[in-house]
Structure formats: C-alpha cells, structure tokens
Amino acid sequence: DGGARVEGLVLFLPRTAPGDVGEAEYALHGRLARGRLLSLERPSADRVEPPCVHYVRDRCGGCQLQHLALDAQRGAKARIVADAFARIGRRPVEPPVVQGAGAPWRYRRKLTLALRWVGGRWTAGLHPYDTAGRIFALEDCPITDERVLAAWREILAAAAHLPRVPALRGAVRLLDDGVAFVLEGGRRWPAANRFFAAVPAVRALWWEPEGAPRRLVADRRGAATPGASFVQVNPAVAAALEAHVVARVLAHVGDHASATVVDAYAGAGDAAVALAARGATVTAIELDAEAAAWAASRLPAPSRAIAGRAEEALPGCLPADVVLLNPPRAGVDARVTSALVERPPRAVVYVSCNPATLARDVARLPGFRVAALAAFDMFPQTAHVETVCELVPEGA
C-alpha cells in the first residue's frame, strides 16, 4: 500500500504511488487508518496505466504494483527489504539493488485459481484484494505464460468431471511437454480418469483430497520429474538467482575438496546438484518426498538427500561449512536458528521471498552479522521480492 500521514494518523491506501495527490476516504483501526483513493488530483511521476483489465475493474489481489513503472517498483521493493531489516531485524542495511531478468510480463509458469460451483457451473478466478471470500472470473492474467492460461481453458472445458463440491482450488504448472495440474478439495472423485482423458495438455494429475495427503492420480509424462513440488515461477530470474546463490556458497567454502554444505528446503535439488558438481559434499533436506527422491537420484555420492523437516534433520547434519536456507514465506522454524547458533557454520546463505520473516529470522541469529545482501525481481507487478542474505559469525 501507499502510505501517508493525515492529522497525525498513518494512512494506508492501496494502489497509490509516492507523490500522488488526491482525495481519499478512510476508517480508523486503532492508531492506524486504511482507506481508498476517491480521486487523483495530481498523479505521481512514477504512475503508469495498468494493462490488466482485472487490476482496476475487479481489484485483483494477485498484483499490487501494476500502476507503477518498473524502476519505481524495484525501488519500492528495495526499501521494503531495508525497512524490514531495520524495524524487525534491528540490523540497519542499505537498500539493495533489485535485479531483474527476462520480461516483466508473461513470466509466470504457474497459476493457482479458486474454483466455485455457482449457478450450475464452475467459475475459476482470483480474489479481489479487499474481499478475500469472493472471486471474479478470470479472463486473462498478463503476468502468466499463455500456455498456462490455455491449459486452464482446457481444464474448465472439462470441469463437468471435477468433484461436485462448493469450492475447489487448482494449480497449473508448466512442464517441458505440457502442464501439471494439482487439484485440492473434495472427498471423492469418481470421474478423475474421465477428466484426465478430456484434458490432453495435462501430462500429470495430482489430487489432494480434503484432509488427506496429495497423490498422483494419472501420469503420461516421459520422465517422472516432481511436477507438483515447489518451483520458482519466473524461470529467467530463477536462473540468475541460482547462479548467484551457488557462487556465493562457493565463495565461502573456497576450492577445498572437503567442503560440506547443507541445502535445507532444497526442493528438487537444483542448487544442491550444482554445488556437488563443483566438488562440495552436499546434504539436501526437503519435506516433499517426491522432490527429495528426485534430488537423491541426481546427487553423486557422498552427497545425499534427506526427506524430512529442516528443523528436525538439520541438527544431525551439522557441523557444516555453509548452510543454505530457502524456506517458504513463513520463514524457518526457531529450531533451525537455534541449531545454527549452537553449531555455527562458516556462513549462512538465506534465500527468502518474504523480507519480514527473513528479518525476523536474522534477529534470531545474534552471533551472526549481515555480510552481503542481494535482491531479485522474481515477481514483477507484485510487491513480492526475492532476497539473498549472507550471514557470517561475528568477527569472521
């Protein structure tokens, strides 16, 4: 949100830009206020016209910064990172340069939509930013790859075969030869095979029934890659990020053959494989069993992969020269930072998509200092930013 001060109040206004002058209405929430822009008298020099029809008309919550020029977006993200470190982490840092790669549109290779059974048919869409319980029917998503959107249209054409419940959630992810589809919700799905037959673009189908673990329902891929596991949505920026992370880890271990690295939250193991290829002995830890198995199949001995929770597996993998952390948005469990404080490595390289939880976790590492900080524009048009924080023991 944009921020302003009005008669001593801190006022948050979505879809505003630094330098905007206009009229707003707002409601109090304790010492803070939240509102909406009613009219714009003098627009900011950073403003641009949002190209997405849903951004203004439907108040889509998927993007937050389409009304800002790309340089202004990246400047805002740099300040978000620095502000989180100062206010939450109590570690003042300079705002990092936010690096981009590839196109700022049509970059997403995954799209998750809410599905609602309304009026005798399925509607698939996203939520307005101010009404989380409602969805609007999606016509287009300009930040998403056209092939993902085409697969969604194919899925909706076969939606009569989905479980007949009030609400579902589906995710389409681009593969080399089609897409993977993960459906969440429902207790029974008798027509799953008929659905799969009706959507040739879907190469692998997973289902996560209500209250049960995810399972692979049908598969016609040539290679059983972990198509339902976590993957960065922006391939161009993901490649730049991985190259940076691998280089920074190697910078801390040098070229000695006995270097040991723990890659926690390793996903499918791409970074672990790259580090092992450079001579490091890597232990990859990943909760998703399918991704852990895929990583294990690609790691040369004595490197290995462990399927489990990082907070439970990490203590048994220490000491290590470098620990690489790449957790989900919630950050790491306190047991992870406790283990690192008790048996500190030579460096921690922490990759985060949430500056707030990153700063919180850095504050939990009192014996470490911030040696370097880099940021990547993994999610253009949104307020999210990928940050790489390098930590070394005090005095190192």
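This is a predicted model: local features need pLDDT of at least 70, side-chain atom pairs count only at pLDDT 80 or more; totals for chains, interfaces and linings use all residues.
**Helix α2**

I started with α2, residues 70–87. At 1.5 Å a residue, its 18 residues should span 26 Å, and the end C-alpha atoms are 26 Å apart, so the two agree.

Next I asked which residues of α2 are buried. They are A72, Q73, R74, A76, K77, A78, V81, A82, A84 and F85. I then looked for what covers them. The cover includes two strands, β18 (368–376) and β19 (386–393). Also included are β5 (98–99) and helix α10 (355–363).

**Cores**

I turned to the largest nonpolar core, which has 70 residues. Which members touch the most others? I found W152, L162, F181 and F195. Helix α5 (residues 235–253) gives the most to this core, with eight residues.

I followed up W152, leaving aside neighbours within four places in sequence. W152 contacts L111, L113, L115, A124, G170, A171, V172 and F181.

I also noted another core, apart from the largest one. It has 30 residues, among them I285, L325, L340 and V362.

**Sheet**

Last, I traced an open sheet of four strands. Their order is β1-β2-β4-β3, and the pairing is mixed. β1 (2–6) and β3 (21–29) stand at the edges; each has a single partner strand, so one side of each lacks a neighbour in the sheet. On average, neighbouring strands are turned by 35 degrees against each other, direction ignored.

I looked at one pair in detail. β1 and β2 (residues 9–13) run antiparallel and are joined by five bridges. R5 stands opposite V10 in β2.

Key: Residues are numbered from 1 along each chain as its sequence is written. Side-chain values use heavy atoms; hydrogens and water are left out. The expected span of a helix is 1.5 Å times one less than its number of residues. Buried means under 20% relative accessible area, exposed over 50%, partly exposed in between (1.4 Å probe, protein chains only). Contact means heavy atoms within 4.5 Å. A nonpolar core is a set of buried Ala, Val, Leu, Ile, Met, Phe, Trp, Tyr and Cys residues joined through side-chain atoms within 4.5 Å. Two strands pair if DSSP finds at least two bridges between them. Axes are lines fitted to C-alpha atoms, for helices over the stretch in contact, and angles run from 0 to 180 degrees between N-to-C directions.
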